[in-house]
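Please look through the sequence and the model below, and then read the briefing that follows. It begins with one residue and its neighbours and then widens to the whole chain.

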Amino acid sequence: MTKRAAFAQLSSCWGCDQSLVDLHLKLLDVLPELEIVYWPAVVDYKLKDLENLPDRSIHFGFVEGSCRTREDEHLLRTMRAKSKVLVAWGSCSCYGGVQGLANQWTLKELLERKFLKAETITDGRIPDENVPGFKEDIRPNPDVVPFDVLLPGCPPTSDNTAEALSALLAGQPFDLPEKTVCDQCPKVREEKHIKVVHRTHEGKVDPERCLLDQGYLCLGFATIGMCGAQCPSVNTPCKGCFGPPPGIKDHGAKIISALGAIAEMSPEELKEAFPDPLGSFYFTDYAASYLSRLVGHTKEEEQ
Ligand code: SF4
Ligand code: SF4
Ligand code: SF4
């Protein structure tokens, strides 16, 4: 018997969908077992098609993106109501994503910057007609509705999504691994102290040695190992896009704590090395951080 599946997009780049499509012929392993009932990225479904389905009639609902608009939140709640198993698909969905970094500013500041003050604006106006209405800040989707499965990654690899789908089809759990990107990385790590932090394009990388030991901010030590260490394997530092392994409550706090133990640098040198500390330490999961939650609550109290 086929299982009904839906793939919904909230505010996002649609890269998670692209990653699924990138499975190419491997999609044929799972597609015959699925009846797709909603997937607007690929087929011209409308929201009403989803709303008209009976509650809990979708076996597996995959939600990509996060709630920037009220329409996003309506779609998320509809997916929850219609799905037996709801999957937070990608780091936007699990943690808020890159767009969660916008939580550093109020909605008013963001709208003014985007529509009135950006250097490319000539005749600015904040749109207020035929737009879905913005939410004040971005929360991880699991703070909005309960999820059954978390599948992080920006995007999850095609194989990650195929493994999750296969497990769900087989009625098996899909648990996140405890290992980190360092556990999957072929480079030799000596856990040296660092006295300087290089930008990715600076210097000459020794391809055999750990990038962090060489002074590149590689976050593999604090990032869940699901991607096969694909960035450090090609001498590019891990930016932590999959978020932390289970058990680490705050990804950036863990990174800062670990760097505190190995960086022999003055506060001035650290400030110069990290001009965008939140972007560096919380690439996809600032909205899930303690800091964002604290600031967000303060904003709500001020209103
Ligand atoms: S998790 Fe990454 S790839 Fe997926 S929608 Fe969000 S930004 Fe795009
Ligand atoms: S290069 Fe990065 S992922 Fe590899 S061992 Fe070093 S810190 Fe870990
Ligand atoms: S190595 Fe790091 S940044 Fe690259 S895909 Fe894996 S988790 Fe993301």
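Val63 touches Ala8, Leu10, Leu76, Met79, Leu86, Val87, Ala88, Trp89, Ser93 and Asn141, leaving aside residues up to four places away in sequence, where two residues are in contact if their C-beta atoms, placed from the backbone, lie within 7 Å. The model is a predicted one, in which local features need pLDDT of at least 70 and side-chain atom pairs count only at pLDDT 80 or more, while totals for chains, interfaces and linings use all residues. Residues are numbered from 1 along each chain as its sequence is written, and chains are lettered from A and ligands numbered from 1 in the order in which they are written.

**The nonpolar core**

- Val63 is also one of the residues with the most contacts inside the largest nonpolar core, which has 62 residues, and the others named with Val63 are Ala6, Ala8, Val87 and Ala88.
- A nonpolar core is a set of buried Ala, Val, Leu, Ile, Met, Phe, Trp, Tyr and Cys residues joined through C-beta atoms within 7 Å.
- A residue is buried if 20 or more other C-beta atoms lie within 10 Å of its own, exposed if 12 or fewer, and partly exposed in between, with C-beta atoms placed from the backbone.
- This core draws at least three residues from each of domain 1 (3-99 + 138-169) and domain 2 (181-295).

**Domains and overall form**

- The protein is divided into domain 1 (3-99 + 138-169) and domain 2 (181-295), with bounds that come from an automatic or database domain assignment.
- The centres of domain 1 and domain 2, taken over C-alpha atoms, are separated by 29 Å.
- To the contact between them, domain 1 gives 14 residues and domain 2 gives twelve residues.
- Helix α5 (residues 91-95) supplies three residues, the largest share of the side of domain 1 that touches domain 2.
- That side of domain 1 is made up of seven nonpolar, six polar and one charged residue, where Ala, Val, Leu, Ile, Met, Phe, Trp, Tyr, Cys and Pro count as nonpolar, Asp, Glu, Lys and Arg as charged, and the others, Gly among them, as polar.
- The protein has twelve helices and five strands; helices (H or I, at least four residues) and strands (E, at least two) are DSSP runs, numbered from the N terminus.
- The radius of gyration of the protein is 21 Å, close to the 19 Å that the globule rule gives for 303 residues, so the protein is as compact as a globular protein of that length.
- This radius is taken over C-alpha atoms, and the globule rule is 2.2 Å times the number of residues to the power 0.38.
- Of the 303 residues of the protein, 37% count as buried.
- Among contacts in the protein with a separation of 6 or more, 75% are between residues 24 or more positions apart.

**Surroundings of the ligands**

- Ligand 1 is surrounded by 14 residues, of which the closest are Ser12, Gly15, Gly90, Cys92 and Cys154; a residue is near a molecule if its C-beta atom, placed from the backbone, lies within 6 Å of it.
- Both α1 (15-21) and α5 supply at least two residues each to the shell around ligand 1, and this shell divides into seven nonpolar, six polar and one charged.
- Ligand 2 is surrounded by 14 residues, the closest being Cys182, Cys185, Cys210, Cys218 and Gly220, and its shell divides into eleven nonpolar, one polar and two charged.
- Around ligand 3 are Val181, Thr223, Cys227, Ala229, Gln230, Cys231, Cys238, Lys239, Gly240, Cys241 and Phe242, which divide into seven nonpolar, three polar and one charged.

**Backbone details and a strand residue**

- The peptide bond from Cys154 to Pro155 is cis, with omega near -5°, and Pro155 has its place in the loop between β5 (149-151) and α7 (158-169).
- Arg56, in the loop between α3 (47-51) and β3 (58-64), has phi near 55°, a positive value in a residue other than glycine, and Arg56 is partly exposed, with 13 other C-beta atoms within 10 Å.
- Asn235, in the loop between α8 (181-184) and α9 (251-262), has phi near 65°, also a positive value in a residue other than glycine.
- Lys3 lies in strand β1 (residues 3-9), and Lys3 and Leu34 are 31 residues apart in sequence and 5.0 Å apart in space, C-alpha to C-alpha.
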